[in-house]
Every structure is written in structure tokens, then in C-alpha cells.
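Reader: I am new to this structure and would like to learn how to read its features one at a time. Could you take me through a few of them, with the general idea before the particular case?

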Amino acid sequence: MGHLDNADSEFIKDSKKGSLRLRLSRQEGNVPVPVFGIRGPVEGTVEVLKPDGLSFVAIRVEGSLKVKEIAEGGTTTTVLCDETLVLWRKDVDPAAPCPPPILPFSVALPTKFSNEYGSWPLPPTYEAHLSGFPGFTTNVDYSVTAIASKTKSIKLGIGATTVSTPFIYRPRKRPANRIPPRLRPSNTSPGLHMSPEWRVHETNIVTRTPGSTQKGIVCKFYTPASHILCMRRPIPYHVAFIGSAVSLAILLSYMPSRTGAAPIRACSRIQLLRQTTVDVNREYSPDGASSEMWRTKNIGEGSIHRTGDGPNWLSFAGEINVNSDVTIGGFKAAGLWVKDCIVFSIAPPDPLKGPIGDMRSVIPIRLVTDPWSPVLCPPRTCSYPRRARHHLRYRLPLPTRSWIKRTRRRKPATLR
């Protein structure tokens, strides 16, 4: 059983007989399983507590993607990475009959993997299960193993002592743009001042009321223009409805009726959904046709409140909070595809014969782990004057060469 040394930020695990110890560095918090991120090597030390008679000591990092279909029994296994690093070998240094007591190592994870169908970025640790027939299970797993063997073969066998632990691969990314400020209210339809930092998605709702137009009610759903969003920040949105007064009055009964934040009723809902799609039999299909199965999970719920109204329009605003157990964004790897989307739906009691029909608007997004951050100032060895570095940090236009030369003739600016 492994444990975390909080003083040294190391995850430590011993072999069953205590002759080998694996230490993984760069760990934070009291986590039961070590975590590594993008471009961060798997590093630490191997401690050999019983070195007598050993022939070599090595470290092995493995990753695999397994997809299994429950009904048909089809299974695919894709090797994501398999790196073995020999830390000490007896025949290389005959003068040293025993390995050093501490052997440091650092193994870089690949950024991509490939198979006969293509190449993809290395996927994060992931697990999903769809019960029923047909159904599937899919796992993306990584592990690191320390090996101390008395034989010369790298393969595990008699005389080899190992200590292994799974680890979580969690690549970190941040959006290129910040969350924009809220849209300003307006007294004219649709009740909002549009901004280039926002994007509008239009959907029509069928109406069967006197005076309604052919378009019925026009629903405008506003989201940030960049659909790459941080999972640890609320996702803002605006909603506007345009239609006849009678239609809007009926629609209002399906929406929150009081001013202020309120959860959306069952007949009108804004959700953040995650769809996991697998294609188990792709490699066995002679004509290349896919046999996909998918599972959809709710990973966030929206809240909404009314912000304004007019003779022919209504406006609302709200936000979605992503569930705290969501730690990775969407990805695609071989026969596995994980994608996220915002779904705004209105489901009245009788959508076929009632005064208004149902509606469903789907907006694909991409979740990332870290929030937006301004560009950091270049290192102190930068040759630009302080004012030029200020332009770089806040993404302002860079000063011209002539401006830089004139500035350098003046008194040099001190770095802060």
C-alpha cells in the first residue's frame, strides 16, 4: 500500500517483502494515487534495500486503452506507451557487484500515440461503463513499475522483485480567451446589446396561438464566443425569446416566474452533458462502417433568472456550474471519443397539440482544467525595455524598433 510523504511531496510504495521501494516525486496533497500532467516526466527514485545477487534494476512506464463490448464480447486493446529505462546493469560495470542504494529516474511521457488508424494526443486517465445489452466498458490506465531482477533478461520472471502503482495522467490546459463580461440589457428587442465576445444560437419554437407568426417563437441562446471553457469556473449564458405577446405569456409559465436566481423547472432545462462514444468493432468491419455505442451523463446543471421583458420579447440570464468530480476535458483516442455540450430544452406537457411545441438546442463546447490567465512577463534576461515588456504582457501592439532605440538612449529602466 502506497502513502504520501507530505514533507517531501513524494508518493512511496514498498514491495511485498520490503526489498524494493518506489518513490515518485512532485506530488501534492493527500492523494491515494500519484498524478502527472502534460509534458511532466514521471520521476522519482528506486531504493534497493536488498542488493545482493541482482543483475539489473529498471523502471517501466505503461499505458493502455481498453474497450470491451459486453454483448458481443469484442475487445480492443491499444498500447499508449511502453517505456523501459534500465537504471543499473551488472555487466555494464563489473567493478560494482551491487547497485547503488538509490537510483534516480525520469521518464518523459509521449505527447502522442499512434496505431494503424491514425495518430492522437495521449489521452488522460478515464473510465466509463454502459450497462445493458449491448453495453461496453472502457478504461484508459497508466502504471509505473520498478524492477529488480537476478536474471539478465528484462522480461519479468523467477528472481524478479517488482513494485508497481497506477498513476493518473491529467493533462492541464487553459483557454486562450477570458470569460467575457455580461451582455448589457437593452429596452428594445431582444433585450440585450450584442458583443463580439459572445455568440448567438437561434432556434424556433412552434406555436399554435392566435396572432403567432410562421416562425413561432425565436429563441436566441447566447454563449461566450470561445467555446473553450474552464471547468472550475461558472459558464455564463443569456437567453432571449421573441414572439407574439400571447405566445410569450404561455412560454413564461414554463420558465421561472419570479425575479432572481431560481432552478429551471422540469419542462425547461439547461444541462451540461458528456457523451462517451466507443467503436469496438471498427477494425473487424470489412466495409469500414462504424458500430458505435454511446453513453450520456449529466455533468452540470444550469440556473436561470429573468432579466427583462418587452412587448414582444423576454430575456433571461444564468450560469452552469460543472460538477466537482469532473477533472478532465473531452478527447478523442482511437475508438474512444469523449465530448461535451450544453443542451437547452423546453418540453411542454403536450408538445404535439398544445399551444407551443418542444425545443432542443445543442451547443458543443470543450472543457479545460485551468482558468484563463494573461500572458506572463518574459524573463528578466529579455532585452526589451520595461515598457515594451508591458506591451507583451497585456497583448498590446509591440513598439517599433525606432521607439526601442530612442528609449535605450535615455536612462536605463530598472527591473521590478
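Predicted model: local features only at pLDDT ≥ 70, side-chain atom pairs only at ≥ 80, totals over all residues.

Reader: Which strand pairs with E8, and in what sense?

Author: Strand E5 (residues 42-48) pairs with E8 in the antiparallel sense, over 6 bridges. Val46 lies in strand E5, and the bridge partner of Val46 in E8 is Leu103.

Reader: Is Val46 buried or exposed?

Author: Val46 counts as buried because its relative accessible area is 0%, and the cut-off for buried is under 20%. Setting aside residues up to four places away in sequence, Val46 touches a number of others, among them Leu20, Leu22, Val57, Ile59, Leu87, Leu103, Phe105 and Ala146. As for Ile59, it stands 13 residues from Val46 along the chain, and the C-alpha atoms of the two are separated by 8.2 Å.

Reader: Where is Ser143, and why does it count as buried?

Author: Ser143 is placed in strand E12, which spans residues 136-149. Ser143 counts as buried because its relative accessibility is 18%, a value to be read against the limit of under 20%. Again leaving out residues up to four places away in sequence, Ser143 touches Arg60, Val61 and Glu62, as well as Ser164, Thr165, Pro166 and Phe167.

Reader: How should I read a pocket, and what volume does the largest pocket have?

Author: Rolling a probe the size of a water molecule over the atoms shows where empty space is left. Here the largest pocket has a volume of about 490 Å³. It is lined by 15 residues, of which Glu28, Val35, Phe36, Arg170 and Arg172 are the closest to its centre. Sorted by class, the lining of this pocket has 5 nonpolar, 4 polar and 6 charged residues.

Reader: How many helices and strands does the protein have, taken as a whole?

Author: The secondary structure comes to 3 helices and 26 strands. Of the 416 residues in the protein, 44% are buried, and the protein exposes about 22800 Å², with carbon and sulfur atoms supplying 53% of that area. Among contacts between residues at least 6 apart in sequence, 63% join residues at least 24 apart.

Notes
Residues numbered from 1 in each chain as written. Heavy atoms only, no water. 1 Å grid on protein atoms, 1.4 Å probe; cavity = no way out; pocket = protein on both sides within 12 Å on 5 of 7 lines; lining within 4 Å. Points joined across faces, edges and corners; volume = space filled by probe spheres on them. Nonpolar A, V, L, I, M, F, W, Y, C, P; charged D, E, K, R; others polar. Helix = DSSP H or I, 4+ residues; strand = E, 2+ residues; numbered from the N terminus. Buried < 20%, exposed > 50% of the residue type's maximum accessible area, 1.4 Å probe, protein only. Contact = heavy atoms within 4.5 Å. Areas by Shrake-Rupley, 256 points an atom, 1.4 Å probe, with all protein chains shown as cover. Pairing = 2+ DSSP bridges.
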